[in-house]
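Please walk through this model with me, one packing arrangement at a time. Keep the viewer open as you read.

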Amino acid sequence: PICREHEHSEWTTRRMVLWPVVDLRTKSLSPLIKGEAAGESDDEVLRRLGLGSCLVCWLSEAELASPPSAARVALLRSAGCAVGPFRLDEAAKAREWLHAGALYALLTPDPATPPAELCAAVRQAAKDAALPAERLLVVLSPAAETTSEQLLLALESLAAKTGSGCRECERPHTVGAAAGVLLLLPDAAADAALLKRVSASLAATDRLLVVVSGASLSPSLARLAELHALNLGLAAPASLGPLPRRAERVAAPAPAAASAPVPSVSGGFWRRAEDVAEAPAGGEELIDAGQALAAAVRSDRPDGLLSTVVEEEGGVALGLVYSTAESVCAALRSGRGVYWSRSRRSLWRKGDSSGAWQRLCRVAVDSDGDALRFTVRQYGSPPSFCHRGTLTCWGFPSGLRALQETLQSRRGSAPAGSYTKRLFDDSTLLRSKLVEEAQELAEAEEPDDIASEAADLLFFALVRCVAAGVTIADVEAHLDARALKLARRPGNAKASRDSAAAAILSDKAKRAADKGPVAAWSQAPSAGALALAAAA
């Protein structure tokens with residue numbers, strides 16, 4: 001179940017079946033992982049792997065000890081990532097990564113920690129580093145001699161006391177010591193009976209997010225279906241398409257030695273670094289990320305097609321289309337909007353003939369598991385999804401999206417002397433209007449006046465954005481990124497900005513006074529603004 005608050009949650013990690021593992025300690029990604037996207041950069045391949053999943057990113061020692069680079073921040077903003085592993089005694093190092101946009105930090109406790117003391121150790125580390133429990137995944141790698149009862153005791157200690165009833169809620173009162181665990185199971189522990197017990201007592205009741213991996217858990221579609229039925233995720237390396245022929249396979253570089261459990265690059269399980277001489281060159285165990293995503297969706301149609309809602313980044317629904325496992329795979333491999341054409345009975349690569357192509361930004365499964373949502377950035381001249389040349393299959397957009405379209409078209413075609421043309425050409429005028437409208441919004445009191453003044457301010461703000469080539473989606477991306485930050489600025493007023501605004505408003509009043517008493521009366525700044533200018 002999904003509560004109303006999270007019906008449109010961007011990151012639906014609790015419904016993800018496959019969590020692709022990527023080893024970022026290597027200089028470059030293995031060709032086995034890139035698959036059909038072999039010609040793309042590593043950053044773009046990682047983005048596509050994370051389009052419908054949460055990446056499990058294993059960082060190098062150097063990256064663990066420093067804030068994320070600009071390239072890593074870009075990855076965190078384009079794909080959901082769980083990063084680590086951070087030792088509990090160094091949990092503070094995870095804060096910069098969470099602040100930069102990582103969904104989860106992977107914390108590894110001391111293997112010698114008794115199950116009864118695990119919860120206290122995790123809580124203390126999180127408290128000392130000021131880390132929110134809902135953003136933590138504890139990596140557990142039980143020894144072969146660990147019994148099922150001991151493992152369940154450890155998991156129970158980390159779980160919330162009761163589930164929230166919502167598969168997406170990760171609030172302090174619905175989360176235990178951590179949001180979940182990444183369970184690295186040895187052969188002896190990865191049995192069906194144990195997984196069923198973990199599901200029944202923890203995962204199915206929404207008390208703990210459980211992602212498992214192990215040598216016995218081969219990443220096949222059948223295994224994914226079994227784990228999906230148990231509300232468990234599978235962490236395993238994945239690829240973007242068919243692997244090269246055996247004769248063309250290239251051995252992946254061996255990872256650097258480390259004491260923590262690390263993922264093999266092309267195997268579907270986890271090993272300890274000291275047990276790995278080099279990464280295997282075979283790629284039989286990799287699973288196609290697109291097939292894994294499609295396997296998490298069911299269809300009640302006789303033809304088996306998957307209902308797919310296509311929307312823009314801002315949430316504007318563009319249309320309803322259909323997908324198949326083949327089209328989902330093609331979409332992830334190309335990073336574009338690719339669907340299934342019922343009339344042609346073949347792949348429909350949006351924009352191949354019309355030029356109105358789409359950059360794929362996100363793929364999500366709905367709460368019932370019977371529909372997909374493709375979030376895209378629509379291109380074209382004009383950007384249009386419908387065959388009639390409109391942005392949506394329901395006609396033209398309204399509100400801010402319509403205003404943005406109008407301003408984008410007027411930017412290059414506005415007639416000389418028009419007000420919009422003046423705003424685009426005169427940055428000083430535009431700056432003054434932004435300050436004036438912000439003042440009027442601050443002073444408005446009646447609800448309708450507030451709405452009207454906000455509309456004025458948004459108009460000039462959008463002119464400023466369009467003039468700089470910035471879209472509403474770019475603004476929303478910043479808002480989404482800020483929602484994941486752990487620290488907030490004080491938010492106090494800036495004296496220098498107050499002075500600059502006062503100077504602009506005072507100059508406006510002077511110019512109005514020079515034009516006559518009527519103009520002065522209609523354009524004079526408020527008494528509060530003049531007092532501010534005088535004080536400045």
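The chain averages a pLDDT of 80, and 79% of the residues score at least 70. One is residues 1-14, which has 44 contacts in the model beyond near neighbours in sequence. The other is residues 518-536, with 19 such contacts. Where pLDDT is low, the predicted coordinates should not be read in detail.

Now the helices. Two packed helices are described by the angle between their axes and the distance between the axes. Take helix α6 (residues 115-129) and helix α7 (residues 148-158). Their axes come within 8 Å and cross at roughly 25 degrees. Angles under 35 degrees count as roughly parallel, so α6 and α7 are roughly parallel to each other. Their crossing is right-handed. On the α6 side, the contact is made by Pro115, Leu118, Cys119 and Val122. On the α7 side, Gln150, Leu153, Ala154, Ser157 and Leu158 take part. By class, the residues of the contact of α6 with α7 are 7 nonpolar, 2 polar and no charged.

Move on to helix α14 (residues 427-443) and helix α15 (residues 447-467). They pack at an angle of about 160 degrees, with their axes 9 Å apart. Angles over 145 degrees count as roughly antiparallel, so α14 is roughly antiparallel to α15. The crossing of α14 and α15 is left-handed. From α14, the contact includes Leu430, Lys433, Leu434 and Glu437. Among the partners in α15 are Ile450, Glu453, Asp456, Phe460 and Arg464. The contact of α14 with α15 has 10 nonpolar, no polar and 6 charged residues.

Next comes the sheet. Strands of a sheet pair through backbone hydrogen bonds, either parallel or antiparallel. Here an open sheet of 4 strands has the order β14-β13-β18-β17, and the pairing is mixed. β14 (317-323) and β17 (358-365) stand at the edges. Each has a single partner strand, so one side of each is left without a neighbour in the sheet. Neighbouring strands of this sheet are turned by 25 degrees against each other on average, direction ignored.

β17 and strand β18 (residues 371-378) run antiparallel and are joined by 7 bridges. Arg362 stands opposite Thr375 in β18. Finally, find helix α11 (residues 325-334). Helix α11 lies across β14, β17 and β18, and runs at about 130 degrees to β17.

Technical notes. Residues numbered from 1 in each chain as written. Predicted model: local features only at pLDDT ≥ 70, side-chain atom pairs only at ≥ 80, totals over all residues. Heavy atoms only, no water. Axes fitted to C-alpha atoms, helices over the stretch in contact; angles between N-to-C directions. Helix = DSSP H or I, 4+ residues; strand = E, 2+ residues; numbered from the N terminus. Parallel < 35°, antiparallel > 145°, perpendicular 65-115°, else oblique. Left-handed = near helix turned anticlockwise from the far one by under 90°. Contact = heavy atoms within 4.5 Å. Nonpolar A, V, L, I, M, F, W, Y, C, P; charged D, E, K, R; others polar. Pairing = 2+ DSSP bridges. pLDDT = per-residue confidence, 0-100.
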